[in-house]
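Subject: Structure handover

Hi,

Here is the structure I promised to pass on.

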Amino acid sequence: MRNLAGISRYYSVSTRNLVGITDELLGITEELLGINANDMIYAYGHVFIYRSQIDELLMSEYLDNNHVDTFGIFLVEKNQMCPGLYLPFLFISSFHWGYKKFNADTKKFVSHINKESVNAANLILVPIIESSHWTLLVGNLKNKVWDFYDSLPKKTHRAILPEVISHLYEDTTTSFATDIRRWRIRKIKQVPTQKNSVNCGMYVCKYMKAVIQPEAVVWADVKDWEDNMAKFRAEFAYAILSTTIK
């Protein structure tokens with residue numbers, strides 16, 4: 001069961017409050033899905049990673065919001081520890097778009113977006129999960145253009161972008177000098193693409209790390225992602241597990 005209630009099968013406290021999940025219902029759900037709170041490995045704000053999600057990484061299964069947000073958080077933390085390692089960027093939680101389905105207050109997911117942070121950044125990373133497929137939207141804050149990355153290119157995947165951008169604008173309307181809804185959207189070509197139906201989340205993680213590198217990526221030269229996907233997943237799982245080592 002990949003996505004429960006349209007977001008994730010792993011409920012954080014904030015998710016439970018938004019969708020009205022009682023402790024009793026949560027207990028029943030955890031029992032049915034085989035989730036045990038004692039198996040939690042990583043927690044950061046609204047993000048929770050359980051042992052079973054490590055198994056999903058290693059067994060080449062589908063990634064959910066918690067996986068992708070964790071990867072984004074790791075990028076942010078690494079850039080804070082090593083200033084200049086990456087281009088200055090802002091990360092938008094995938095839950096920001098995901099919670100919109102519940103008509104919930106999503107502003108807390110973009111509370112770090114303000115005029116100061118926008119002026120200091122080059123890029124804004126917006127991972128999107130829609131209809132069980134991950135894509136990445138990257139805002140170039142200097143050139144005022146959106147770049148769209150899709151590991152399984154389809155026109156239907158791009159159709160949701162105006163809504164995603166409008167939702168971000170509504171929650172951060174005073175943060176940008178221009179109307180981000182009017183920025184041009186470019187589909188980035190020649191990016192690595194997946195060969196199965198489950199690697200889209202991992203591709204989005206790889207796209208995020210690639211676009212924030214100081215040197216521009218020559219996508220035509222990137223050929224080995226699919227062959228090394230098991231390695232990438234193992235490295236990600238190791239990074240999560242390493243956070244538990246004191």
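Helices (H or I, at least four residues) and strands (E, at least two) are DSSP runs, numbered from the N terminus. On that basis the protein chain has ten helices and seven strands. This is a predicted model, in which local features need pLDDT of at least 70, side-chain atom pairs count only at pLDDT 80 or more, and totals for chains, interfaces and linings use all residues. Residues are numbered from 1 along each chain as its sequence is written, and side-chain values use heavy atoms, with hydrogens and water left out.

Overall picture. Of the 246 residues in the protein chain, 51% are buried. Buried means under 20% relative accessible area, exposed over 50%, partly exposed in between (1.4 Å probe, protein chains only). Contact means heavy atoms within 4.5 Å. Take the contacts between residues at least 6 apart in sequence: 65% of them join residues at least 24 apart.

Cores. A nonpolar core is a set of buried Ala, Val, Leu, Ile, Met, Phe, Trp, Tyr and Cys residues joined through side-chain atoms within 4.5 Å. The largest one has 43 residues. Tyr149, Met202, Met208, Trp219 and Ile240 have the most contacts inside it. Helix H9 (residues 200–211) gives the largest share of this core, nine residues. Another core lies apart from it, with 23 residues, including Leu90, Ile92, Leu137 and Tyr169.

Tyr169 also belongs to helix H8 (residues 161–171), where Leu161, Val164, Ile165, His167, Leu168 and Asp171 are buried along with it. The buried residues of H8 pack against helices H5 (94–98) and H7 (155–158), and against strands S4 (123–130), S5 (133–140), S6 (145–149) and S7 (184–187).

Helix packing. Axes are lines fitted to C-alpha atoms, for helices over the stretch in contact, and angles run from 0 to 180 degrees between N-to-C directions. Angles under 35 degrees count as roughly parallel, over 145 as roughly antiparallel, 65 to 115 as roughly perpendicular and the rest as oblique. For residue classes, Ala, Val, Leu, Ile, Met, Phe, Trp, Tyr, Cys and Pro count as nonpolar, Asp, Glu, Lys and Arg as charged, and the others, Gly among them, as polar.

H4 with H9: helix H4 (residues 65–81) packs on H9 at about 15 degrees, with the axes 10 Å apart. The two are therefore roughly parallel. Val68, Phe71, Gly72 and Leu75 of H4 meet Gly201, Met202, Val204, Cys205, Met208 and Lys209 of H9. Seven of these contact residues are nonpolar, two polar and one charged.

H9 with H10: the axes come within 11 Å and cross at roughly 75 degrees. That makes H9 and H10 roughly perpendicular. Met202, Tyr203 and Lys206 in H9 touch Met229, Phe232, Arg233 and Phe236 in H10. The classes are five nonpolar, no polar and two charged.

H3 with H10: helix H3 (residues 51–58) and helix H10 (residues 229–242) pack at about 160 degrees, axes 8 Å apart. They are therefore roughly antiparallel. H3 contributes Ile54, Glu56, Leu57 and Leu58, and H10 contributes Arg233, Ala234, Phe236, Ala237, Ile240 and Leu241. Eight are nonpolar, none polar and two charged.

Ile240 deserves a separate entry. Leaving aside neighbours within four places in sequence, Ile240 is in contact with Ile41, Tyr42, Ile49, Ile54, Leu57, Thr70 and Phe74.

Last, the loop between H9 and H10 holds Lys223. Lys223 counts as exposed because its relative accessibility is 69%. Its C-alpha atom is 9.8 Å from that of Gln190, 33 residues away along the chain.

Best wishes
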